Amino acid sequence: KITNCNNVNDFKKLAKRKLPSPIFHYIDGAADDEVTYRRNTEAYDECFLVPKVLRSVESIDQGVNLFGKKISLPFFLSPTALQRLFHYQGELAVAKAAEKYNTFFGISSLSTIPIEKISKISAPKIFQLYFHKDKGLTNSMIDKCKSYNIDVLALTVDTITGGNRERDLRTGFTSPPKLTLSSLLSFATSPSWSLNYIFREKFDLPFLSEYVKEGTDIKVSVSDYFSNMLDQTMNWKDAENVKKKWGGTFCLKGIMSKEDAKRAIDIGADAIMISNHGGRQLDGSASPFDQLEEIADFVSGKIDLICDGGIRRGTHMLKALSLGANACSGG
């Protein structure tokens, strides 16, 4: 039961029992041997806190200023794709949680709920933009964000081709899900998920479906989607042009080096998310927390820093803030 979940690992165990195997392993899996996926959390174990005592904590404020707004937690909800695959309420449920706790909600380019519905939730919002080969598609996403007064645009720069997610290869995961002989038993033994998927609103990726069929009518792997539809030629000039077209608060998601942090400042970015896409793209990469202190010392307050990924507890957030992050995030 959810009421018995005391931490992220408890939720993970519950999800594994409730979800079909391809769905669970898509959420939980990462690239290659998943070394970086594990490192993202393990890095926090190598940092130790030194408490300072006899300072009144009768009244505390956990809020931080981020993207020019005051949020009530030092943590926000990263954009996460395909949420209605995990629960039929999808992004709406997560956005309502962000609204309840007054923090940012991240909307993925691969959102399963249209922006018209999400915009009715009062939580501040970040839209995560994938840079597509089809510039009409990319520009339509930016224009929609303008129309619905999205607060921040975050361009993803760490995912321009598919990662080698071997769990997905083993389970045959596609979006939308594809029924196969090997997955039939898993779907059949997850009746609540299967009934919700079949009888509730049809699965859709509304930011894409006006332009393309991949991932909406055609069942494709996420790796194929990234490799075939995203623009592998994306460069710093493209990022600068996206910022200009957007014209508002702009973030780069996926910066991992101090040199790239400097270039982000040079093109006028307001913030960077130090992120390796949850270890789902390049195995063998350092963790965001590994890189945080070096980047924070280098940029010295010139840009907002978000430490994204691997966070499982409040003490992880405290460690990240102590090393110079303005806030943390996780999907």
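Biologist: How do the residues of the lining of the second largest cavity divide into nonpolar, polar and charged?

Modeller: The lining holds five nonpolar residues, two polar and one charged. Here Ala, Val, Leu, Ile, Met, Phe, Trp, Tyr, Cys and Pro count as nonpolar, Asp, Glu, Lys and Arg as charged, and the others, Gly among them, as polar. The residues in question are Pro22, Ile23, Gly172, Phe173, Thr174, Pro177, Lys178 and Phe187. This is a predicted model, in which local features need pLDDT of at least 70, side-chain atom pairs count only at pLDDT 80 or more, and totals for chains, interfaces and linings use all residues. Residues are numbered from 1 along each chain as its sequence is written, and side-chain values use heavy atoms, with hydrogens and water left out.

Biologist: What makes a space a cavity?

Modeller: On a 1 Å grid over the protein atoms alone, a cavity is a set of points where a 1.4 Å probe fits but cannot get out, and its lining residues have an atom within 4 Å of a point.

Biologist: Why is helix H2 called largely enclosed?

Modeller: Six of the eight residues of H2 (residues 21-28) are buried, so the rest of the structure largely encloses this helix. Buried means under 20% relative accessible area, exposed over 50%, and partly exposed in between (1.4 Å probe, protein chains only). The buried residues of H2 are Pro22, Ile23, Phe24, His25, Tyr26 and Asp28. Helices are DSSP runs (H or I, at least four residues), as are strands (E, at least two), numbered from the N terminus.

Biologist: Why is Tyr130 counted as buried?

Modeller: Tyr130 has 4% relative accessibility, and therefore counts as buried. Tyr130 is placed in the loop between strand S5 (125-129) and helix H6 (135-147). Its C-alpha atom is separated by 5.8 Å from that of Thr156, 26 residues apart along the chain.

Biologist: How many disulfides are there by the rule?

Modeller: The count is zero, where a disulfide is a pair of cysteine sulfur atoms within 2.5 Å. For Cys145, the nearest cysteine sulfur, that of Cys251, is 13 Å away. For Cys328, the nearest is that of Cys307, 5.6 Å away, and Cys328 is in no disulfide.

Biologist: Why is Cys328 called buried?

Modeller: Cys328 has a relative accessible area of 0%, and is therefore buried.

Key:
On a 1 Å grid over the protein atoms alone, a cavity is a set of points where a 1.4 Å probe fits but cannot get out, and a pocket is an open set with protein on both sides within 12 Å along at least five of seven lines; lining residues have an atom within 4 Å of a point.
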